[in-house]
Amino acid sequence: MTLSDRDRTLLDFEAEWRRHIGAKEEAIRAELGLAPARYYQVLDRLIDTVEAQEYDPMLVKRLRRRRDEREDPRASEPTPG
C-alpha cells in the first residue's frame, strides 16, 4: 500500500503548518477543505501506518509521542527519584 496524494498533503501540512498565516484551524479549512475535527481524525489514523512512518519518520514519531502523552498524562510526568 502507498500513501495517497491526500495522505501526503496532510502530512506535509502538519509538518509545515507553522509557516501558514493565522490559526491552524483556519488554515485546515482554507487549504485542505476539511473541518479541523475530521483533519485530526484522519491524521490520527494515518500516523499509525507504515507508509506514513516511511514518508516522514520524524514527524510521525513526534505526532505519536504527542498523542500518547494526551492519552496518558502520566507518561509525561517525571519519575520520582
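Hi everyone, let's start with the lining of the largest pocket: by class it has four nonpolar, no polar and six charged residues. Here Ala, Val, Leu, Ile, Met, Phe, Trp, Tyr, Cys and Pro count as nonpolar, Asp, Glu, Lys and Arg as charged, and the others, Gly among them, as polar.

A quick word on the model. It is a predicted one, where local features need pLDDT of at least 70 and side-chain atom pairs count only at pLDDT 80 or more, while totals for chains, interfaces and linings use all residues. Residues are numbered from 1 along each chain as its sequence is written, and side-chain values use heavy atoms, with hydrogens and water left out.

Back to the pocket. The space in this largest pocket comes to about 160 Å³. On a 1 Å grid over the protein atoms alone, a pocket is an open set of points where a 1.4 Å probe fits, with protein on both sides within 12 Å along at least five of seven lines; lining residues have an atom within 4 Å of a point. Points are joined across faces, edges and corners, and the volume is the space filled by probe spheres set on them.

Who lines it? You will find Glu14, Lys24, Tyr40, Leu43, Asp44, Ile47, Leu63, Arg66, Arg67 and Arg70 there. Helix H3 (36-46) and helix H5 (57-71) each bring at least two of the lining residues, and H5 gives the most, with four. Helices are DSSP runs (H or I, at least four residues), numbered from the N terminus.

Leaving out residues up to four places away in sequence, Arg67 touches Asp44, Ile47 and Asp48, where contact means heavy atoms within 4.5 Å.

Now for the rings. How many aromatic pairs are there? The count is two; rings of Phe, Tyr and Trp (its six-membered ring) pair if their centres lie within 6.5 Å, with planes under 30 degrees apart called stacked, over 60 edge-to-face and the rest tilted. Phe13 and Tyr39 pair edge-to-face, at 5.7 Å centre to centre and 80 degrees between the planes. Phe13 sits in helix H1 (residues 5-16) and Tyr39 in helix H3, so this pair ties together parts 26 residues apart in sequence. Tyr39 and Tyr40 have ring centres 5.1 Å apart and planes at 75 degrees, so that pair is edge-to-face. Together, Phe13, Tyr39 and Tyr40 form one aromatic cluster.
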